[in-house]
Amino acid sequence: MNGPPWHNLDTVARNAAPTLLLLFLVILGQLPFSLPGDSAVTPYFVLMAVFYWGLHRPDLLPAAVVFVVGLLQDALEGEPFGVNAFVLIAVYWFVSSQQRHFGERPFLVLWLIFGLIGLAAETLRWLLVAVLTTTMLTPWSVAFEYLMTVALYPLLTIAFALAQRALPRGGGNFMD
Amino acid sequence: MGASLSIRQGAQRSTFALFLLLAVGIMLIGKADPALYERTRMVIADIATPVIGALSSPVVAGAELIEEGKHLLAAYDENTALREENELLRRWRSAAQGLDSENARLRSLLNFTPEAKATYITGRVVGDSGGAFLRSVLVNVGGRNGIRKGFAAIDNNGLVGRVAEVGQWSARILLITDLNSRIPVLVGQNRERAILAGDNSDLARLDYLPPERSIRPDDLVVTSGHGGAFPAGLPVGIVVSNGDDLGGEIQVKPFLTPDRLEFVRLMDFGLTGMLQDQDLGLASQ
């Protein structure tokens, strides 16, 4: 960190990139995309981002940011407060702790792992909402959201990977 | 290095555990005091609405472009179908005009008191939660524009939902397909009373129907106005299945098209509506 001041500023901006990306994805999830065939269900974008950064660069995404983004998602989607925060933190904890085992796997394996973690996350979310609102919810729209999330993961991964390439290497990767 | 690593891992672990506990705490407080969270949620919505609104404009524009392209491709067939429909509607119009004048005459005979005139505030749909758990949309008008909780939301096709939460500059509309939506309705020509209940799918079902009933597919469902929650007579949807094949569940296809919801009119009726009419009358004198 002995470079010129503008260099530090640049580093700060780049370190903040995953945080900004997460905030953008929460907003993206709120936009009225119209899909053919009704059902205005949007994929769980934030889950993809939390999985990706937990897997590749957990040093750039503080847990506090994941928590706050979860609360923001709760507020905007109208779910009981704390549900998304809980689910996202749980996923982030698990993925970043398994980073060493998952890190260098081929993409198809990672996609499969994402599918399993996504299934656990959506189930947990569904259960929490059901308990907190004391209503049995039809699982179909959740299942639909889950399938869309898994299907779109490769696409978002490409975007995340492009973003990651622009970020500073090494630095404070806590698993090093 | 090894020692510092394990310390850091330990710190990391306790941070995560702390956040999980915090989330559980927040969930419990929310369960104990829902009103507090409702206010918090609308403060956040007020801040986020301009951002979502700005970003949603290009999305809506893109969707419209695709829609227009589709229309262009189907123009010929659509034109033929519309001509036929137009012919039919013309006949209906003359029938309706006859009925309307007859209705007016009968009302004057009976000294019928018409319902209070409603006033409208139009808002743009900026956010669509698209959540799997909640069917709601966010509009860019709020308490400062005169929106109050409980206003009915309608679009060109009919009833959309009702205002569930109000912020300063934004409001959340609970759609009629939401799990928590319950609307008193009248069904079919015999105007049978029922409750239209959402279940988070694109269809809704009818509850609390009388045991002997004459409901058929294609029957119109309109609001009944019972309970004062909605004005009477707003079109809601049509019956698609009379329950003979689905274990007795009568399903209704709402006129609401959540994927094409762009503008909604929020309808002020009842007491506040009357007060505003009075104000307007004084001002014009």
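How many bridges join strand E3 (residues 152–155) of chain B to strand E12 (residues 263–268) of chain B? The points below answer this and then describe the rest of the predicted model.

1. Strands E3 and E12 of chain B. The number of bridges between E3(B) and E12(B) is 3, and the two strands run antiparallel. One residue pair can be named: B:Ala152 has B:Met267 as its bridge partner in E12(B).

2. The barrel. The pairing of E3(B) with E12(B) belongs to a barrel closed by 6 strands of chain B, in the order E1-E2-E5-E4-E3-E12, with antiparallel pairing. From one strand to the next, the twist averages 45 degrees.

3. Helix H2 of chain B lies across E1, strand E2 (136–139), E4 and strand E5 (171–175) of chain B. Relative to E1(B), H2(B) runs at about 80 degrees.

4. B:Gly158 in strand E4. Strand E4 of chain B covers residues 158–166 and includes B:Gly158. B:Gly158 counts as partly exposed because it has 18 C-beta neighbours inside 10 Å, whereas a buried residue needs 20 or more. Leaving aside residues up to four places away in sequence, B:Gly158 touches B:Leu234, B:Pro235, B:Val236 and B:Phe255. B:Thr223 is 65 residues from B:Gly158 in sequence, and their C-alpha atoms are 9.8 Å apart in space.

5. Overall make-up of chain A. Chain A has 8 helices and 0 strands, and its pattern along the sequence reads α-α-α-α-α-α-α-α. Of the 176 residues in chain A, 45% are buried. Among contacts in chain A with a separation of 6 or more, 71% join residues 24 or more positions apart.

6. Helix H4 of chain A. H4(A) comprises residues 63–77, which is 15 residues, and it reaches 21 Å from its first C-alpha to its last, close to the 21 Å expected at 1.5 Å a residue. The helix is mostly covered, with 12 of its 15 residues buried; among them are A:Val66, A:Phe67, A:Val69, A:Leu71 and A:Leu72, as well as A:Gln73, A:Asp74 and A:Glu77. After H4(A) comes A:Gly78, which has a positive phi near 80 degrees.

7. A:Ala64 within H4. A:Ala64 is located in helix H4 of chain A. Is A:Ala64 buried or partly exposed? A:Ala64 counts as partly exposed because 13 C-beta neighbours lie inside 10 Å. A:Ala64 and A:Ala85 are separated by 21 residues in sequence and by 9.8 Å in space, C-alpha to C-alpha.

8. The largest nonpolar core. This core has 103 residues, of which A:Val46, A:Ala49, A:Leu88, A:Ile89, A:Val91 and B:Ile173 touch the most other members. Helix H5 of chain A (residues 83–97) gives the most to the core, with 11 residues. A:Val46 touches A:Leu22, A:Leu25, A:Val26, A:Gly29, A:Val69, A:Gln73 and A:Leu88, not counting residues up to four places away in sequence. As background, nonpolar side chains tend to be buried together in soluble globular proteins.

9. The contact between the chains. Chain B contributes 44 residues to the contact, and chain A contributes 40 residues. On the side of chain B that touches chain A, helix H1 (2–32), helix H2 (34–73) and strand E1 (119–128) of chain B are the elements that give two or more residues. H2(B) gives the most to this side, with 13 residues. By class, the side of chain B that touches chain A has 23 nonpolar, 12 polar and 9 charged residues.

How values were computed: Residues are numbered from 1 along each chain as its sequence is written. Chains are lettered from A and ligands numbered from 1 in the order in which they are written. This is a predicted model: local features need pLDDT of at least 70, side-chain atom pairs count only at pLDDT 80 or more; totals for chains, interfaces and linings use all residues. Helices (H or I, at least four residues) and strands (E, at least two) are DSSP runs, numbered from the N terminus. Two residues are in contact if their C-beta atoms, placed from the backbone, lie within 7 Å. The expected span of a helix is 1.5 Å times one less than its number of residues. A nonpolar core is a set of buried Ala, Val, Leu, Ile, Met, Phe, Trp, Tyr and Cys residues joined through C-beta atoms within 7 Å. Ala, Val, Leu, Ile, Met, Phe, Trp, Tyr, Cys and Pro count as nonpolar, Asp, Glu, Lys and Arg as charged, and the others, Gly among them, as polar. Two strands pair if DSSP finds at least two bridges between them. Axes are lines fitted to C-alpha atoms, for helices over the stretch in contact, and angles run from 0 to 180 degrees between N-to-C directions.
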